[in-house]
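Trainee: I want to learn how to read pockets in a model. Where do we begin?

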Amino acid sequence: MSDLQKLLPLQKRLLARLSHEVSSCRRCDLCKERTQPVLGEGPPDAALMFVGEGPGEDEDRSGIPFVGRAGRLLDKILEAAQIDRRGVYITNVVKCRPPKNRTPMVEETMVCQRFLEAQIAVVNPRIIVCLGNTPMKWFLGTSEGITKLRGQWFSWKGIDVMPMFHPSYLLRNESRKKNSPKALTWRDILEVRRRLGELKVGGRHD
């Protein structure tokens with residue numbers, strides 16, 4: 001058994017403890033209307049992590065990230081790029097659904113950042129994909145928009161980070177023409193796959 005395999009039980013226990021902490025969190029008003037919090041889903045040793053903004057209605061009901069329309073589109077994108085979702089850890093910046101699926105406020109992301117930082121520390125991914133403006137600004141501390149920075153590689157604490165359009169944005173922009181959001185996203189996910197191939201991890205640590 002490798003050292004990494006020996007770490008798996010510990011990582012699972014730490015994520016379970018985080019899930020318990022999130023379920024009892026009352027540090028901001030998002031807890032008042034939630035059905036349940038949504039910590040994340042995926043292998044505790046995933047090499048690739050996707051970070052979105054916050055749970056939507058379907059996620060709030062199921063407790064699983066990215067299972068609504070945007071999640072189903074993300075599944076299709078991953079499948080087309082031959083990236084197995086089961087090998088990807090998926091989470092959001094905030095763990096409770098903002099009212100009417102609005103963008104999380106800065107104060108809410110600050111309250112939740114301890115959970116996201118802990119998830120990243122436990123999973124220790126090699127690549128993080130930021131889905132949309134909220135996670136991109138959290139990781140990069142920038143005032144630039146996703147349209148300008150998507151598809152580029154950045155570094156956050158030694159981890160490769162790429163911003164991509166959020167799938168919900170793609171649902172509002174159906175065109176597949178050259179340089180459309182969908183066409184650019186396809187280019188971006190292929191670049192993510194290429195980088196994974198360079199790391200020779202196939203979605204998990206080797």
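Mentor: The largest pocket holds about 630 Å³ of space. Of its 29 lining residues, Glu-53, Asn-101, His-166, Ser-168 and Arg-172 are the closest to its centre. This is a predicted model: local features need pLDDT of at least 70, side-chain atom pairs count only at pLDDT 80 or more, and totals for chains, interfaces and linings use all residues. Residues are numbered from 1 along each chain as its sequence is written, and side-chain values use heavy atoms, with hydrogens and water left out.

Trainee: What counts as a pocket?

Mentor: Rolling a probe the size of a water molecule over the atoms shows where empty space is left. On a 1 Å grid over the protein atoms alone, a pocket is an open set of points where a 1.4 Å probe fits, with protein on both sides within 12 Å along at least five of seven lines; lining residues have an atom within 4 Å of a point. A volume is the space filled by probe spheres set on the points, which are joined across faces, edges and corners.

Trainee: What is the volume of the second largest pocket?

Mentor: About 190 Å³. Its lining includes Leu-73, Ile-77, Leu-170, Thr-185 and Trp-186.

Trainee: Is Thr-185 buried or exposed?

Mentor: Buried means under 20% relative accessible area, exposed over 50%, partly exposed in between (1.4 Å probe, protein chains only). Thr-185 has 2%, so Thr-185 is buried. Leaving aside neighbours within four places in sequence, Thr-185 is in contact (heavy atoms within 4.5 Å) with Ile-77, Met-164, Phe-165 and Leu-170. A polar atom of the Thr-185 side chain lies 2.8 Å from the backbone oxygen of Pro-181.

Technical notes
A polar contact is a pair of N or O atoms within 3.5 Å; within protein, one must be able to donate a hydrogen and the other to accept it, and residues adjacent in sequence count only if both atoms are side-chain atoms.
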